[in-house]
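Dear colleague,

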Amino acid sequence: MVFSSLLFIFVFLPIFMIIYYLFPAKSRNLLLFLGSLIFYSIGEPYYLFLILCSITVNFIIGRAMERFRGRDFERALLLILSLLYNFGFLLFFKYTNFFIENINAALRLLSIPWRFYTLNITLPLGISFYTFQIASYVIDVYVGKTKADRSFVSLGAYLCMFPQLIAGPIVVYSDIHDALKKRSVSIYGFDNGLKTFIMGLGYKVIIANRIGTLWNEVCTIGYESISTPLAWLGAFAYSMQLYFDFCGYSLMAVGLGEMLGFRMPANFRHPYMARSVTDFWRRWHITLGAWFREYVYIPLGGNRKGRSRMVFNLLVVWFLTGFWHGAAWNFILWGLFIFVLQIIEKNITLKWLNADNFFAKIISHIYMIFYILVSWTIFAISDFHELGVYLNRLFPFLIMNEGNTNDIFNLSDVTRLAADYAPLLIACVIFATNLPDRLFHKIRNRFAGIVVAFVLFWWSVYYLCIGLNNPFLYFRY
């Protein structure tokens with residue numbers, strides 16, 4: 001079940017919120033835990049045991065670490081066992097077939113007749129997110145940043161909390177430890193959280209789902225048959241779909257958290273306004289970047305051990321970031337592409353991109369437009385041949401042309417689709433800036449804010465009722 005569904009909006013959420021608000025505060029962790037399990041089981045009940053096992057194993061290990069305080073060897077062994085357990089399941093479900101397929105490809109190249117069969121397994125919903133969350137909990141207990149939770153229900157509520165269970169934000173245990181023990185709910189918090197939820201719903205349903213149909217049309221035409229202008233328009237459409245899809249879902253999660261009495265971290269801060277790749281990744285999927293910085297980059301030494309070590313540490317972080325997003329080589333290529341650009345920026349171009357003058361601002365934004373469109377193209381297309389064809393369409397003068405190239409600058413296809421989607425394309429550009437947020441922030445507690453939220457909500461519901469395409473791009477990451 002996803003937030004942008006009629007079942008969630010009109011059945012699960014109102015029933016849960018009524019029960020949550022009516023019952024005493026001391027029972028709310030249990031209600032949140034059980035409600036989150038129900039929320040998850042509606043989508044994939046057969047993987048519910050994975051979450052329950054994760055809670056049980058890490059609860060026991062966390063308590064054991066407390067008992068072995070002062071005994072470094074035993075605590076380190078427990079940490080290793082926990083990480084092997086948590087990441088072992090993630091590796092098995094997410095990457096087993098990737099490794100098998102690549103082993104088979106290597107055997108074919110070596111003309112060895114052996115082949116391994118791929119497994120018929122699906123990726124459990126949210127496993128990439130809740131694995132990182134429970135790993136952060138165990139690591140923080142090990143280093144003494146937080147104490148082990150003495151309540152199985154409290155730890156279960158943390159890990160299974162339905163607002164962020166499937167797609168984040170990645171909430172570190174130490175950030176909400178106090179709220180798990182004691183929190184308050186109020187009409188103001190409910191009202192503010194509901195408006196945030198509606199804003200995210202509008203981003204997801206009104207913008208992301210609709211602009212996604214343009215990207216689908218480009219894919220339906222076929223990469224070999226599109227013109228270069230349409231290739232750029234398609235990359236723009238996918239970039240906007242991905243942003244408003246994930247940002248919208250994160251906003252809904254933050255809003256739901258506030259309705260429940262939690263303050264969840266923001267996951268996006270207008271990344272398409274960034275002037276460098278480095279700044280972009282301080283604004284995009286903020287909680288994932290913070291997790292890798294806290295639990296990978298800094299433990300490896302960060303930038304404290306010289307330039308060469310910093311480059312290596314960044315390479316590890318971006319390789320893992322790419323691989324975390326999906327079990328395919330295009331994600332690894334995407335991560336390495338970001339790594340290369342960040343290294344160039346840190347050593348050469350960053351000070352020029354950040355310069356406070358009109359020319360630098362124009363150049364930096366043009367640079368970022370190319371980065372955003374090209375990087376998300378690499379992210380979107382997993383087949384390397386198809387990716388090569390699309391990049392060939394984006395850069396026909398830089399890459400050797402393949403197939404029919406007579407129509408690469410034919411404007412008929414892009415003119416038709418650009419005209420059909422013109423209002424939506426303009427809306428994407430406007431809402432990717434901070435202007436709408438600043439305006440809504442000024443009016444959200446006034447009558448005008450209530451009207452805007454009312455219109456956005458029922459507009460979104462209308463699109464859901466008529467069966468408009470409603471994917472969630474981060475659903476399986």
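In which helix do Asp 279 and Arg 283 lie, and how many residues apart are they? Both belong to helix H11, which spans residues 277–283, and they are four residues apart, about one turn of the helix. Please bear in mind that the model is predicted.

Asp 279 and Arg 283 form a salt bridge in which the closest N and O atoms are 3.0 Å apart. Asp 279 is buried, with a relative accessible area of 18%, and Arg 283 likewise counts as buried at 18%.

A second pair links Lys 181 with Asp 149, whose closest N and O atoms are 2.8 Å apart in a salt bridge. Because Lys 181 lies in helix H8 (residues 173–181) while Asp 149 sits in the loop between helix H5 (127–143) and helix H6 (152–160), this pair ties together parts that are 32 residues apart in sequence. Asp 149 is buried, with a relative accessible area of 1%, whereas Lys 181 is partly exposed, with a relative accessible area of 44%.

The side chains of Arg 71 and Glu 74 also meet in a salt bridge, at 3.3 Å from N to O. Here Arg 71 is partly exposed, its relative accessible area being 42%, and Glu 74 counts as partly exposed as well, at 25%.

These pairs are among the nine salt bridges that a search of the whole structure finds.

Notes
Residues are numbered from 1 along each chain as its sequence is written. This is a predicted model: local features need pLDDT of at least 70, side-chain atom pairs count only at pLDDT 80 or more; totals for chains, interfaces and linings use all residues. Side-chain values use heavy atoms; hydrogens and water are left out. A salt bridge is a side-chain nitrogen of Lys or Arg within 4 Å of a carboxyl oxygen of Asp or Glu. Buried means under 20% relative accessible area, exposed over 50%, partly exposed in between (1.4 Å probe, protein chains only). Helices (H or I, at least four residues) and strands (E, at least two) are DSSP runs, numbered from the N terminus.
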